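Hello,

Here is the structure I said I would pass on. Please open it first; my notes follow below.

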Amino acid sequence: MSKRKYEITPNGEWFKVEAWDDYGKYCSVYEKTILDASKFILDWWEKSKENKKSDELLAKAILECKEIDKNNNNLRKIL
């Protein structure tokens, strides 16, 4: 089941764009035109798999840093 969802809301001279990708990740931006808002949503969805991989790599790196600190008796509270 896809978690894709979007909302485009006029906000003065701008359009507020709220988008959720395939994994439920949320993003909010402002675009000048409705066409730009629509393009942002399609681009955001197209990058969802790449963004998910980046998020997973970052999470793995953070966990590895925590493990290094733990092994060096330098345990700090991270996150």
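Start with helix H1, residues 34–46. In this predicted model, H1 has 13 residues and spans 18 Å from its first C-alpha to its last. That is close to the 18 Å expected at 1.5 Å a residue.

Which residues of H1 are buried? They are Ala-37, Phe-40, Ile-41, Trp-44 and Trp-45. These residues lie on the same side of H1, because they cover an arc of only 125 degrees around the axis.

What covers the buried residues of H1? The cover includes strands S1 (5–11), S2 (14–20) and S3 (26–31). Helix H2 (48–71) is also part of that cover.

Next, the whole chain. The protein chain has two helices and three strands. Along the sequence they run β-β-β-α-α.

Some totals for the protein chain:

- Of its 79 residues, 20% count as buried.
- Its accessible surface is about 6,400 Å², and carbon and sulfur atoms make up 55% of that.
- Among contacts with a separation of 6 or more, 22% are between residues 24 or more positions apart.

Best wishes

Note on methods: Residues are numbered from 1 along each chain as its sequence is written. This is a predicted model: local features need pLDDT of at least 70, side-chain atom pairs count only at pLDDT 80 or more; totals for chains, interfaces and linings use all residues. Side-chain values use heavy atoms; hydrogens and water are left out. Helices (H or I, at least four residues) and strands (E, at least two) are DSSP runs, numbered from the N terminus. Buried means under 20% relative accessible area, exposed over 50%, partly exposed in between (1.4 Å probe, protein chains only). Contact means heavy atoms within 4.5 Å. Accessible areas come from the Shrake-Rupley method with a 1.4 Å probe; for residues, only the protein chains shown count as cover. The expected span of a helix is 1.5 Å times one less than its number of residues. The arc is that of the directions from the helix axis to the C-beta atoms.
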